[in-house]
Amino acid sequence: MAQGAQVWTACVWTAVIVQSVWALKIQYPVLNITETLDCGCSTSNCQAVFWYWQPRHSPSKFHFLFYHNVVDRVHYEPTVDQDKYKQGMKGGTRPTFSLKIFHVRESDAGRYFCQLQESRNMPSIIEIELRPGENPPTPPPTPSHPKKPPKKPCRCLNQGINKSPKGCGRLVLWPLVGVLASLAAVLIATLFYFSRLPKKCRHRLVKKRQLQ
């Protein structure tokens, strides 16, 4: 009796706030297969889950499907076909509850809500929209960035300085200026050395005669 009252309270509370919940996921199952809806806990305080369904063909209706807790106790709504819906759970510190829908038909389309019951926080709701038999939208093409044109190689060989292509003048001019400056420095130093050499020889000759 207490469990029934809890389920009824959760159903009413969810029906009040459901209009403010946005769809977090959309699934496009193929017809006549088994589709699984997952509802993962964000914390380790999850105790149970309540599953609801809002059909697309009658959005004014809001159906409670079943209640499922961490010790694998299940309570179905008496009018729910238990061969159509099955519960599931993956254990761990943060369990993941699941809803399996067998033989999916177009009439199963709509929004499915899982309300997670946590021991320390307010209940959280995850919404999954089911669109059986529909094709998912094609994602937009990825914009391609224009490629930069390759740099043209510098063709400075076998060409004069004045006829060099654009961008090659500096590559030829500055090394040539450096070579000429180095040659000029060597030439000046050599001339200076030889210009002082006779003076040094005469000075030594004068000193030699004075000693004699």
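How many aromatic pairs does the structure hold? The structure holds six aromatic pairs, where rings of Phe, Tyr and Trp (its six-membered ring) pair if their centres lie within 6.5 Å, with planes under 30 degrees apart counted as stacked, over 60 as edge-to-face and the rest as tilted. In one of them, the ring centres of Phe50 and Tyr67 are 5.0 Å apart and the planes stand at 50°, so this pair is tilted. Because Phe50 belongs to strand E3 (residues 46-55) and Tyr67 to strand E4 (residues 63-69), the pair ties together parts 17 residues apart in sequence; strands (at least two residues) are DSSP runs, numbered from the N terminus. Phe50 counts as buried at 2% relative accessibility, and Tyr67 counts as buried at 9%, where buried means under 20% relative accessible area, exposed over 50% and partly exposed in between (1.4 Å probe, protein chains only).

The model is predicted, with local features needing pLDDT of at least 70 and side-chain atom pairs counting only at pLDDT 80 or more, whereas totals for chains, interfaces and linings use all residues. Residues are numbered from 1 along each chain as its sequence is written, and side-chain values use heavy atoms, with hydrogens and water left out.

A further pair joins Phe62 and Phe113, whose ring centres are 5.6 Å apart with planes at 40°, so this pair is also tilted. Phe62 lies in the loop between E3 and E4 and Phe113 in strand E8 (residues 110-118), so parts 51 residues apart in sequence are tied together. Phe113 is buried, with a relative accessible area of 1%, and ring pairs link Tyr52, Phe62, Phe64 and Phe113 into a cluster.

Note on methods. Helix = DSSP H or I, 4+ residues; strand = E, 2+ residues; numbered from the N terminus.
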